[in-house]
Structures are given as structure tokens and as C-alpha cells.
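Biologist: Thanks for sitting down with me. Could you walk me through this model, one question at a time?

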Amino acid sequence: MLWRAGGARSAKQESEVFSDETAAERFRDLVNGHGQQWPPGWVRGQGFIADQRRPDTMFEAFALAYVDRLTGIQGDTRSKYKTRIRANMTPWFGPYSVEDGEGTILREMVQDWVNDLEAGRLAPLDPSDRKPRTKYRPKTIQNEHGLLFSILQSAVDAEPSLRASNPCAKTRLPRLDGAEDEEEMVFLEREEWAWLYECLSDDAKDLGEAIAETGFRWGEATALQPRDLRRRNGRPAIRVQRAWKKDEDGKSILGPPKTRKARRTVVITHKLDRMLRRRAKGLAPNALIFTGPEGGKWDPGTFRRLRWLPAIELAAEKYGLIKRPRIHDLRHSHASWLIAAKVPLPAIQGRLGHESITTTVDRYGHLLDALDDEVMAAIEWAMDPTAPLPGFLEGSGLAAATDGLPHVPRQLSGLAQETWKDASDMPQDDAEHENDPVFVITLGGREVPFADREHAQDVADQWNDDHEEEIATMRADGWPEERIARRGALGPEERERWTGGGSVWSRMPERQFVHYALASYEADGTLTYEPLPVSSRWAWEFEHDGFTTRAAEFRSEFRPQGSTEAHARGINKSAVSRAFEQARVEALEVCAKHPDADLTSAKA
């Protein structure tokens, strides 16, 4: 084979000899792919030095082995990674090794690969008659580059290390404009969804309504079963505990949701609850609520082609709908409606099942300009204590933190003047279940009875989620397993009747994230110990010593041993800190009085 270096007519003529035409054509494609230059790692008359190296460090073999070693990914994700490697990487890097030395992958080669993906150019190993490649969008190129980076970084991190640095480290990637991210998500206005809903065929309306109201992923909504219909705090709810996914062979299977946080309970309207229970009537507990035309699971491609796209076309014709949403955009639209209604982002995170609040902010943060008026009202209120509490904060718990606050230029601790009532005074349920079977869960040594097994299971699951890090720390510190087991949730255990104290819960108890502070003083006013920073934990309604729904409350209490304790707790951390300082002031006042007097005082 003959060619001129760089393709210039006046350049040096290069040549290589082959014994068969196929090998010569393969080499010609490599030369063309590298700008009429010798392919990196090729030695004249010998071929690639890499051919003499370990087969398991050649790019494709190493990359596929890397994917096989990944943990925590679903079977279909593993299969997709391998497909991307074979289609979008091996045609460029197949002849090269991940090891340092002759025939290795170089930084320039990675940059050329990125440029080829952006321009839609053929790869050096693509056959000449291959159809043109698709020009990849910047976001897709970033995803491909991220996978390649991880593969080559594993070569750097190997023991012993296969290479000194990652050739992907300084690649210049196509600029990802913010507009591109927004273009990937279509947000429907409520009226636009109403148009689309009306245009859906009758056998698709219920499924569309369920996704739009809950924000469920397609795989979650189509995996719903009658046993998932629950109650939470007296409201109808759905427990998300499974989703459709694919194994490595592409077969649909039911498995756990996408992430740990995706396993969640979502409250719904009574209207949606009635529709779901109507569909679930007469079905087995583990049957599918939503099924396709032939009675099996809904295939997403079939639904999109035969139900979704025709509805979009009809809505465009009848109402002038110009947006082209995907089914998944109902989930994005659901989030946008919650933001427009001033729902806090942490609540949206929990409802959508995002593993991190960062995901919620990154995905929907650009919609928060809808809250500009509320942000300004809150700032004005914070800077001027004489200003009225903004209306949208009335239900946030902040109102209780500022009851009785004097109208002065400087904001002092806002403390409610009501008496701190122990939560055990709150009635749990009117119904008694003395002679009925009950389901008992043991939480940190405390037995809690429920009339409904599903309520008991939901509380046990949530308790284990809340204490996951604590239990992991105990296990890492070498605690005995029996002690660790007692810290988590055990059960539910079915018993013929409840013989313990207290009522049986026939509803889901409330749960709040509560902040606590405690200090103790000797009779002379000296601290018994240095107070710890404000601590926080999830508290349940049945935990009489820890549950509250107030923003902040405090009390100072004389103990029979002669000490005085200052307590503060609440759901607003800054308000609790202020209340704690006031509790400490009053505790010192108690210490100054005669120790035999009735010195217990309480404030809220």
C-alpha cells in the first residue's frame, strides 16, 4: 500500500506490504482515519506492537470486563454499556491497549474520537460501505466520554497500575448549553395536559392520569398492583416497591425500584384512589392494575405508537397543542406543577423518589424563578419583625416560632406561650382492638401494635431507612449483631390480640424530623456537662418523649436529684436554637430558688 504522509502531494511517500488484501484494506482504513499518518503504535513491517501484548488489556476485552465487574447496576444497564462500547468505542480504540507503552490509547486519539462523534464521521475501523454515522448531541457525547473515562480510569487505578494517567482527563468536549437540557424536558401546562388527556383513547386515560398525578416513572406506574394501595395519615396513598426493568438479555422482569429512595409511599387524591380501586376490584393482590390490549404488561413502545402519539396529533389538531412531550415528560410536568404551587423541593424529592436533593435541584432548579415573590416576602419579613408573616409561610411551622414576639427593631427569640403538652396526651384512635388480631413491630425495643399489616410494614420499612446509617456505623464499630438487630425494626409479628398498654394504631402515625437540645445544671448553677450541639432525628407520633409538630418549644425542669434540666425541641432548627437559650436562662433562675420548692416550670 502506498500513500503520502498527511495527504500532501509534496509529502514523503510511505508504504507498507501485506500478504492478503483484507489486511491491507484494514490498514488503509486506519491510515485514512488518522489523517494519512501511520496509526499510533504501528511498527513498519511488524504491525501493532499491541498485538504482542496481553489480550486482556486490549481495549474491548478490558472495557467489557470492566462492565462485568460493576456492581449496583441493573442487567439492562450492563447490556447497554456493552452495546455502547462495541458501537461507539471499539471502532476507534479496538486495535489499542489500555496499558502505557507502544500501541496505547493517547490523549490525541480521544480528542479525535470526540470530534468524530460530533461530526458524525466514520470510525477508522468502520467498513467503507457503512451508512453514515449520526451526529451526536453534546449531552450524548458527554455520556459516552464519561463511560470511556471510567474504563480508562480503572486501568490507572488497577493494582498494579496499567497506566500513569487517564487520556480522557483533558478532553475538550462540545459545549453543553443550558437550553439543551431544557429542550430534553417538556413541561406541560395544566390546560395542555387536559387537552392531551381528552385526546387519549379510553384504555389509556387511566394510566396517563396516574402518571400525571403521581409523577411515577413508566416502569413504576405499569408495575402497580392492588396490594400497593395504602393509607398514610388517613389519606389514600400508593406504596412504590417494584418496577419493570430488563435483564441482560433484554427480557422484562419485575424488580425493586431504581434506587433505595425510589421505594416510597406517595399520597394521592381521593379521585385517583377511587379509580385505582375500581380497576383493582376482583384482581389478585399481585395482579397488574394497568394492562395492555392483550392483558399483559403495557409495552412502552406500543403505548407510545398506538396511544400517545395519536393523542398528541389529535390535541394539536383540536386545540393547537404545539409541544411534543414524551410519556416521561408527565413526570417532569408533575414536578413543575408542584413547584408552581410552592411545594418545597425536599417534599418534591421524596415524592419523585430522587436519591439526592441535588438531582431535584439540578433537574428543576431553573423553574424556581416562579418563587421570586415568595423569596422577597420572606426576606422582608426576616429583616423587619413588624412585618406580617408571609401568607405562604403560615402552614410551615414558622408562625408558632414567632408568637409573642415584641415589635422592636431587633428580632429576638420567638417563643410560643402555650404549655408544652406531652404527645402521649394526644388520642391515637377511637377504635379499640382488644379482641382482634394485631400486627406488632418492635422498634428499638419498643413494641407498637397495628390493626393493619401494611401500616405496620410501612412503619418498619421507614424505621430501617431512617436508621440505616446508624446501624451501618454500629456494625463497622464491631457491635454485637443482637444489639444491632434491636436497634432496627423487627416484625410485623401477628398476634391474636393486643395485651400491652396503649391503643392499637388503625392509621399511619405521623412522622416529623425533630431537632433537640438539652443542658443540665447543678443546684449552684454550674453545668453538669457541656451541652452538645443541636441533634436531629426522625420522630414518630407513638414516640411520646420525642414527637412534636411545633416549630420550637422549650421547658426547664427541676429533677428530684437536685439538678435542673433545660430542654428545647421542634421542627425548625434555628427556632430550636433560640428556644434553647431561653430554656437555659430559665433553668438558671430555677437553680437560684430553694431546692425544696415546686420548681417545675413549663413553657412552649
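Biologist: How many bridges join strand 6 and strand 9, and in which sense do they pair?
Modeller: This is a predicted model, where local features need pLDDT of at least 70 and side-chain atom pairs count only at 80 or more, while totals for chains, interfaces and linings use all residues. Residues are numbered from 1 along each chain as its sequence is written, and side-chain values use heavy atoms, with hydrogens and water left out. Strands are DSSP runs of E with at least two residues, numbered from the N terminus, and two of them pair if DSSP finds at least two bridges between them. Strand 6 and strand 9 (residues 264-267) are antiparallel, and the number of bridges is four.

Biologist: Which residue is the bridge partner of Ala237 in strand 9?
Modeller: Along this pairing, Arg239 stands opposite Thr265 in strand 9. For Ala237, the bridge partner in strand 9 is Val267.

Biologist: Which residue of strand 6 is the bridge partner of Arg231?
Modeller: Here we turn to strand 5 (residues 229-232), which pairs with strand 6 in the antiparallel sense over four bridges. The two form a hairpin with two residues between them, and Asn233 in the turn has a positive phi of about 55°. The partner of Arg231 in strand 6 is Pro236.

Biologist: How many residues of strand 6 are buried?
Modeller: Buried means under 20% relative accessible area, with over 50% called exposed and values in between partly exposed (1.4 Å probe, protein chains only). Strand 6 covers residues 235-240 and is mostly covered. Of its six residues, the number buried is five.

Biologist: Why is the ring pair of Trp218 and Phe303 called tilted?
Modeller: Rings of Phe, Tyr and Trp (its six-membered ring) pair if their centres lie within 6.5 Å; planes under 30 degrees apart count as stacked, over 60 as edge-to-face and the rest as tilted. The structure holds nine aromatic pairs. In this one the centres are 5.1 Å apart, and the pair is tilted because the planes stand at 55°.

Biologist: Are Trp218 and Phe303 buried or exposed?
Modeller: The pair links distant parts of the chain, with the two residues 85 residues apart. Both Trp218 and Phe303 are buried.

Biologist: Which ring has the charged end of Arg511 over it?
Modeller: A charge sits over a ring if NZ of Lys or CZ of Arg is within 6 Å of the ring centre and within 35 degrees of the ring normal. Lys205 lies over the face of Tyr197, 4.6 Å from the ring centre. For Arg511 the distance to the centre is 3.5 Å, and the ring is that of Trp538.
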